[in-house]
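Please consult the sequence and the structure as the sections proceed.

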Amino acid sequence: MSFCPFCKKKISMSKAFCSKTCKENYFDLIAIQIPKPFVKRIYIFCNEYEREEEIIKFAKLHNWKLDLLKSKIKKVAAKMGYEDDPSVRNSIVESCYED
Ligand SMILES: [Zn+2]
């Protein structure tokens, strides 16, 4: 047994991902680069509503899927101590995070 690297579902050894969507999302997520100063800015200087607006703008600017961007920002923010996310240690952010 192995695991889908995106959703962590169990899959057979012969497969790399459980679905085409997971494959696409996985590579889309890796392509998303979030600068630390951006995360710092939206967590320190923005309220929740403003943060949402900034994230939507950022997604549009780079043509990224909003839900993927949001989940990655949450993980980066957790690493930086702005969000409480116990799963962050096992997340794929580890392997693709850049300053
Ligand atoms: Zn999957």
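Which residues of H4 are buried? They are Leu69, Lys72, Ile73, Lys75, Val76 and Ala77. A residue is termed buried if 20 or more other C-beta atoms lie within 10 Å of its own, exposed if 12 or fewer, and partly exposed in between, with the C-beta atoms placed from the backbone.

## Basis of the model

The model is predicted; local features need pLDDT of at least 70 and side-chain atom pairs count only at pLDDT 80 or more, while totals for chains, interfaces and linings use all residues. Residue numbers start from 1 along each chain, following the sequence as written.

## Overall architecture

The protein chain contains five helices and two strands. Their order from the N terminus is β-β-α-α-α-α-α. Helices (H or I, at least four residues) and strands (E, at least two) are DSSP runs, numbered from the N terminus.

Of the 99 residues in the protein chain, 13% are buried. Two residues are in contact if their C-beta atoms, placed from the backbone, lie within 7 Å. Among contacts between residues at least 6 apart in sequence, 33% join residues at least 24 apart.

## Helices H3 and H4

Helix H3 covers residues 48–62 and helix H4 covers residues 66–79. H3 has 15 residues, and the distance from its first C-alpha to its last is 21 Å, close to the 21 Å expected at 1.5 Å a residue. The expected span is 1.5 Å times one less than the number of residues in the helix.

Two packed helices are described by the angle between their axes and the distance between the axes. The axes of H3 and H4 come within 10 Å and cross at roughly 120°. Axes are lines fitted to C-alpha atoms, for helices over the stretch in contact, and angles run from 0 to 180 degrees between N-to-C directions. H3 and H4 are therefore oblique to each other; angles under 35 degrees count as roughly parallel, over 145 as roughly antiparallel, 65 to 115 as roughly perpendicular and the rest as oblique.

## The contact between H3 and H4

On the H3 side, the contact involves Ile55, Ile56, Phe58 and Ala59, which meet Leu66, Leu69, Lys70 and Ile73 in H4. By class, this contact has seven nonpolar, no polar and one charged residues. Ala, Val, Leu, Ile, Met, Phe, Trp, Tyr, Cys and Pro count as nonpolar, Asp, Glu, Lys and Arg as charged, and the others, Gly among them, as polar. Leu69 and Ile73 belong to this contact and are also among the buried residues of H4.

## Glu54 in H3

Glu54 is located in helix H3 and counts as partly exposed, with 16 C-beta neighbours inside 10 Å. Residues up to four places away in sequence aside, Glu54 touches Ile42 and Cys46. Ile42 is twelve residues from Glu54 in sequence, and their C-alpha atoms are 7.2 Å apart in space.

## Residues with positive phi

Asn63 follows H3 and lies in the loop between H3 and H4. Although Asn63 is not a glycine, its phi is positive, at about 60°. Asn63 is exposed, with 6 other C-beta atoms within 10 Å.

Lys8 lies in the loop between strand S1 (2–3) and strand S2 (10–11). Its phi is near 70°, a positive value in a residue other than glycine. Lys8 is exposed, with 12 other C-beta atoms within 10 Å. After H4 comes Gly81, with a positive phi near 90°.
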